[in-house]
Amino acid sequence: MIDDPLDEQALVRAAKGAPSDDLRAFEALVARNQGHVVANCRHLTGSPAEAEDLAQEVFVKAFFALKRFEERSSFRTWVRQIKVNHCLSHLTKRKKERAVDLDDPGVADDRALRVEAAAEEQLLADDERVRIQAVLDALGESLRVPLVLRDLDGLSYQEIAEQLGLGLSAVKMRIKRGREEFRRLYQAEAGPPG
Amino acid sequence: MAGPTEEDDELGPPIAPLAGLDQEPSEAFMGRVRGSIRRRQLAGEAAELSWTGMGAVLLEYLELVFGALRTREGDREGEDGRDPEEPR
């Protein structure tokens, strides 16, 4: 993937100025960012099955909002904001549909157990990347979302607090706990040393 | 976007590799994005057309109503048996 910001700026201008039936410049922007957006959608929602659908909706939203993009940040940062909002609102909707509090530690534990088993199968593939994904999926939502926003998306603690409607200290605590839990599950995945 | 802070001192393996975690979508992904954009564009155009169409129908209807009212007014004046222009 080429990450030349000048090239990206040119692509953004080309996409903005293109007639509505010419999507080539926008598609080039999608191609440069799709891997990151799909991965983050997956890890924010903990759902591999929904990740591509969500990423697709993010890019469609970005396309129709492109004229309003003022280019004060990079295209990637701008799309990240759309993605975070879209995924968080998807999570809220899903929570309502399930009518279950995912912050309930019992639920998180159950998820961890469930996905730990799935992760065990993936260990056979001996693929670090797959293992990281499985471990992330195993984290409860209340720890996973702040962790993904911080360590995958690179949002500041303050930005995460605003996005999630939480206090700064709560965010810091969740990220710290999320990392500890992530490490613990990762090590359990890797098996005992030696 | 902020860089690492003192709160990030627990960074390191396996946390650090998270930042570079990408997942390439299926080959059909770009086609699905394109298709979704085209469908929304078409839906927008159709909605615009239907509003224009509804506006035209409404104008036509109002013209009919006012036309009928004008005709009725003319008929009533004719029934008086007087030339509406003639002074009383």
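1. Conventions. Residues are numbered from 1 along each chain as its sequence is written, and chains are lettered from A and ligands numbered from 1 in the order in which they are written. As the model is predicted, local features need pLDDT of at least 70 and side-chain atom pairs count only at pLDDT 80 or more, while totals for chains, interfaces and linings use all residues.

2. Chain A, overall. Chain A has nine helices and zero strands, in the order α-α-α-α-α-α-α-α-α along the sequence; helices (H or I, at least four residues) and strands (E, at least two) are DSSP runs numbered from the N terminus. Of its 194 residues, 37% are buried. A residue is buried if 20 or more other C-beta atoms lie within 10 Å of its own, exposed if 12 or fewer, and partly exposed in between, with C-beta atoms placed from the backbone. Among contacts in chain A between residues at least 6 apart in sequence, 60% join residues at least 24 apart; contact requires C-beta atoms, placed from the backbone, within 7 Å.

3. α3 against α4 in chain A. Helix α3(A) (residues 48–65) packs on helix α4(A) (residues 75–98) at an angle of about 130 degrees, the axes being 9 Å apart. Axes are lines fitted to C-alpha atoms, for helices over the stretch in contact, and angles run from 0 to 180 degrees between N-to-C directions. The pair is therefore oblique (under 35 degrees is roughly parallel, over 145 roughly antiparallel, 65 to 115 roughly perpendicular, and the rest oblique). The crossing is right-handed, that is, the near helix is turned clockwise from the far one by less than a right angle. On the α3(A) side the contact includes Leu54(A), Val58(A) and Ala62(A), and on the α4(A) side Val79(A), Ile82(A) and Cys87(A). By class, this contact has six nonpolar, two polar and three charged residues (nonpolar: Ala, Val, Leu, Ile, Met, Phe, Trp, Tyr, Cys and Pro; charged: Asp, Glu, Lys and Arg; polar: the others, Gly among them).

4. α2 against α4 in chain A. The axes of helix α2(A) (residues 24–45) and α4(A) come within 10 Å and cross at roughly 30 degrees, so the two are roughly parallel. This crossing, too, is right-handed. Among the residues that meet are Leu29(A), Val37(A) and Leu44(A) from α2(A), and Phe75(A), Val79(A) and Leu91(A) from α4(A). The contact divides into eight nonpolar, four polar and two charged residues.

5. A backbone point. Glu71(A), in the loop between α3 and α4 of chain A, has a positive phi of about 60 degrees although it is not a glycine. Glu71(A) is exposed, with 12 other C-beta atoms within 10 Å.

6. Chain B. Helix α1(B) (residues 29–79) has 51 residues and reaches 75 Å from first to last C-alpha, close to the 75 Å expected at 1.5 Å a residue; the expected span is 1.5 Å times one less than the number of residues. One of its 51 residues is buried, and α1(B) is hardly covered.

7. The contact between chains. Chain B contributes 24 residues and chain A 32 residues. The chain B side divides into 13 nonpolar, four polar and seven charged. Arg34(B), in helix α1 of chain B, is in contact with Leu23(A) and Glu27(A), leaving aside its neighbours within four places in sequence. With 18 C-beta neighbours inside 10 Å, Arg34(B) counts as partly exposed.

Definitions and conventions: Two residues are in contact if their C-beta atoms, placed from the backbone, lie within 7 Å.
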